[in-house]
Amino acid sequence: MQEEVTSKTIALAIKTAKLDGKVLQAALRQFMQLYLKKRDTPHRGKQTLKQLMRHGTGVSNIEITDANIKAFSQTAKKYGIDFALKKTDDRYLVFFKGRDADVLTAAFREFSAKKLDMERKPSVRRDIGEKKAEAAKRTAARDTVKKMDRGIDR
């Protein structure tokens, strides 16, 4: 335990003309105030489960598949939902604060609508791939006709 405490250090930069005890004491006091303020403010957005539990509210969870987690994270960020992810096999458990349930249902509605729109839209890459395959077939057919016209055997 003692080794762990002694190995932690902090960096403090002070601009002063003359460094004496009072200036150092004031700087350390200000540093501690900023540190405590940052430590006590709750995290926002995606966070660990431990950080979410520190908020002091009830936690609920839902399951999301691995493929949908990126789109869900974007939607949750848009709605300002505090959530934590826990991976189990090919699914993610999304933990969120109990009072965010209404906001989460609205976010899920938008998320599912976005997902349905993506599935309905035709894939541009797939269309390009199909067009390339058709063009390759036509080119091969033209080459064989050209060779036959010239009397060149394969």
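A residue counts as exposed when its relative accessible area is over 50%, as buried when that area is under 20%, and as partly exposed in between. The legends below apply these terms to a predicted model.

**Figure 1. Isoleucine 10 in the loop between helix 1 and helix 2.** Helix 1 spans residues 2–7, and isoleucine 10 is found in the loop that separates this helix from helix 2. The relative accessibility of isoleucine 10 is 57%, so the residue counts as exposed. Serine 60 stands 50 residues away from isoleucine 10 along the chain, and the C-alpha atoms of the two residues are separated by 37 Å.

**Figure 2. The overall arrangement of the protein.** The protein contains six helices and four strands. Read from the N terminus, these elements follow the order α-α-β-α-β-α-β-β-α-α. The radius of gyration is 30 Å, well over the 15 Å that the globule rule gives for 154 residues, so the protein is more spread out than a compact globule. Along the principal axes, the C-alpha atoms fill a box of roughly 100 × 45 × 30 Å. Of the 154 residues, 17% are buried. Among contacts between residues at least 6 apart in sequence, 63% join residues at least 24 apart.

Figure 3. The protein has two aromatic pairs. Phenylalanine 31 and tyrosine 35 form a stacked pair, with 6.5 Å from centre to centre and 20° between the planes. Both residues belong to helix 2 (residues 21–40), where a spacing of four residues separates them by about one helical turn. Phenylalanine 31 is partly exposed, at 24% relative accessibility. Tyrosine 35 is likewise partly exposed, its relative accessibility being 43%.

Figure 4. Phenylalanine 108 has a relative accessible area of 23% and is partly exposed. Phenylalanine 111, at 8% relative accessibility, is buried, because the limit for a buried residue is under 20%.

**Figure 5. Threonine 75 and its contacts.** Threonine 75 is located in helix 4, which comprises residues 69–79. With a relative accessible area of 1%, threonine 75 is buried. Leaving aside residues up to four places away in sequence, threonine 75 touches Ala107, Glu110, Phe111 and Lys114.

**Figure 6. The buried residues of helix 4 and the end of the helix.** Ile69, Ala71, Phe72, Ser73, Thr75 and Ala76 are buried in helix 4. The elements against which the buried residues of helix 4 pack are strand 2 (59–65), strand 3 (83–88), strand 4 (91–97) and helix 5. Glycine 80 follows helix 4 and has a positive phi, near 70°.

How values were computed:
Residues numbered from 1 in each chain as written. Predicted model: local features only at pLDDT ≥ 70, side-chain atom pairs only at ≥ 80, totals over all residues. Heavy atoms only, no water. Helix = DSSP H or I, 4+ residues; strand = E, 2+ residues; numbered from the N terminus. Rg over C-alpha atoms; globule rule 2.2 N^0.38 Å. Buried < 20%, exposed > 50% of the residue type's maximum accessible area, 1.4 Å probe, protein only. Contact = heavy atoms within 4.5 Å. Phe/Tyr/Trp six-rings, centres within 6.5 Å; stacked < 30°, edge-to-face > 60°.
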